[in-house]
Structures are given as structure tokens and as C-alpha cells.
Amino acid sequence: MTTRRQFLASSLAGAALALLPAGLTRAYAQGAPLGSIRVEFTRTVTEAWGDNVGLVRAELENTLAEILGPGFQRGAGNRLVVTVRSLWLASYAGGGGGGKPSDGGASNDYLESTATVYDRAGRQIASWPIMSTELSGGAGAWYLPDVDQRRLKALARNNAWWIRRYLAG
């Protein structure tokens, strides 16, 4: 027997689901495939990082295409646009320290983005702010000449995995 409380709760839940756009429920419930992935950068990031934005773009796009697996089918209806809003590498990448400020402490690198899914008609289905953090010393030896590129790639991969988590629901 259905109680009054169960009846009201299910009625409210049904009304809430009816208010969701059709594409939103389809994208999550059935895992509608993405047909394209585009990575954009704000003007300030492009000006600050120059040619390195190409490295971050390539790493984000390739990692997303790889980890989305069958959820990414070129030419399918929905598209994913990732806008990188902030990119910051700590000035010190030599490893962690102790618990007190005088011990050196660890430093973090950050990448902030917004992942937005659009349907075939260009309507926004969903959007998530993503903040990725990596230890500055996590990309390997700080004294090698490509340390900054490895740190940027690590941030891009981290960001891609967070985006996948949100896409999966």
C-alpha cells in the first residue's frame, strides 16, 4: 500500500524530472556519445602561456578522446567545449617539505576550466567548473629542461579525468 508521503514524494520527483531538458536526461541516462571535443583558452591564458597552450590543448583533447572510449564518436550529435580559464605553475618544483612554513612546504600547479556539453542544435545541456591540482614536483626531476612541459601535460591529463567524471554522472 502506498502511503501519502510516498505518493507526494514520487509526484514531486516526477515533476522535477519533467522540468529537465530532454537532452540532459538522455546525455546522462543513456550516455549519449560526444561527436567533437574542442579546447579553448581565455585571452589572458593565451597571452601568458603562448605556444604552451598548443601543448595543453593537444594533451586535453587526446586524453579525453582516449578515456571517453565509446562515449566519443566523431560526428555524433553532442559536442564538448572545454574553456581553460586559468593556468598556473608554482615557481618551486623541487619537492615537498615539512609541516611548518620554514620547512619549505610543497607547491601546487593549477588548471581551471569549464566543461560544457552542447546538443546538435547548439543548446547548452550541462556545464561544470573544473579545478585541477597537481604537485609541482610530481612531473619528475625539476632540473630537466622539459619540466614545465611535463607539468602542463600532467595538469591537462588531471583535468581530462575530472571532466570524464562529470560527464559520467
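# Exercises on a predicted protein model

A160 is found in helix α5. This is a predicted model, where local features need pLDDT of at least 70, side-chain atom pairs count only at pLDDT 80 or more, and totals for chains, interfaces and linings use all residues. Residues are numbered from 1 along each chain as its sequence is written, and side-chain values use heavy atoms, with hydrogens and water left out.

## Exercise 1. The surroundings of A160

State whether A160 is buried or exposed, and list its contacts.

Solution. 

Step 1. A residue is buried under 20% relative accessible area, exposed over 50%, and partly exposed in between (1.4 Å probe, protein chains only). Contact means heavy atoms within 4.5 Å.

Step 2. Apply the first term. The relative accessible area of A160 is 0%, so A160 is buried.

Step 3. List the contacts. With neighbours within four places in sequence left aside, A160 is in contact with L60, T63, L64 and I67.

Step 4. Look at one partner. Residues up to four places away in sequence not counted, L60 touches V39, V82, V84, A156, N159, A160 and I163.

Step 5. Compare sequence and space. A160 and I130 are 30 residues apart in sequence, and their C-alpha atoms are 9.4 Å apart in space.

## Exercise 2. The chain as a whole

Give the numbers of helices and strands and their pattern along the sequence.

Solution. 

Step 1. Helices (H or I, at least four residues) and strands (E, at least two) are DSSP runs, numbered from the N terminus.

Step 2. Count the elements. There are five helices and four strands in the protein chain.

Step 3. Read them in order. Along the sequence the pattern is α-α-β-α-α-β-β-β-α.

Step 4. The protein chain has 169 residues, and buried residues make up 33% of them.

Step 5. Of the contacts between residues at least 6 apart in sequence, 71% join residues at least 24 apart.

## Exercise 3. The nonpolar core

Find which residues touch the most other members of the largest nonpolar core.

Solution. 

Step 1. A nonpolar core is a set of buried Ala, Val, Leu, Ile, Met, Phe, Trp, Tyr and Cys residues joined through side-chain atoms within 4.5 Å.

Step 2. Name the residues. The largest nonpolar core has 31 residues, of which V56, L60, L64, L80, L87, I163 and L167 touch the most other members.

Step 3. Name the elements. Two or more residues of this core come from each of β1 (34-41), α3 (43-49), α4 (52-68), β2 (78-88), β3, β4 (124-135) and α5 (147-168).

## Exercise 4. D109 and R151

Work out which parts of the chain the pair R151 and D109 ties together.

Solution. 

Step 1. A salt bridge is a side-chain nitrogen of Lys or Arg within 4 Å of a carboxyl oxygen of Asp or Glu. Side chains of opposite charge can pair when their charged atoms come close.

Step 2. Check the distance. The side chains of R151 and D109 meet in a salt bridge at 2.6 Å, N to O.

Step 3. R151 lies in helix α5 and D109 in strand β3, so the pair ties together parts that are 42 residues apart in sequence. Strand β3 spans residues 108-118.

Step 4. Check the burial. D109 has a relative accessible area of 1% and is buried; R151, at 5% relative accessibility, also counts as buried.

Step 5. The D109 side chain reaches the backbone nitrogen of A90 at 2.8 Å, and the R151 side chain reaches the backbone oxygen of A90 at 2.8 Å.

Step 6. D148 and R151 both lie in helix α5, three residues apart, about one turn of the helix.

Notes
A polar contact is a pair of N or O atoms within 3.5 Å; within protein, one must be able to donate a hydrogen and the other to accept it, and residues adjacent in sequence count only if both atoms are side-chain atoms.
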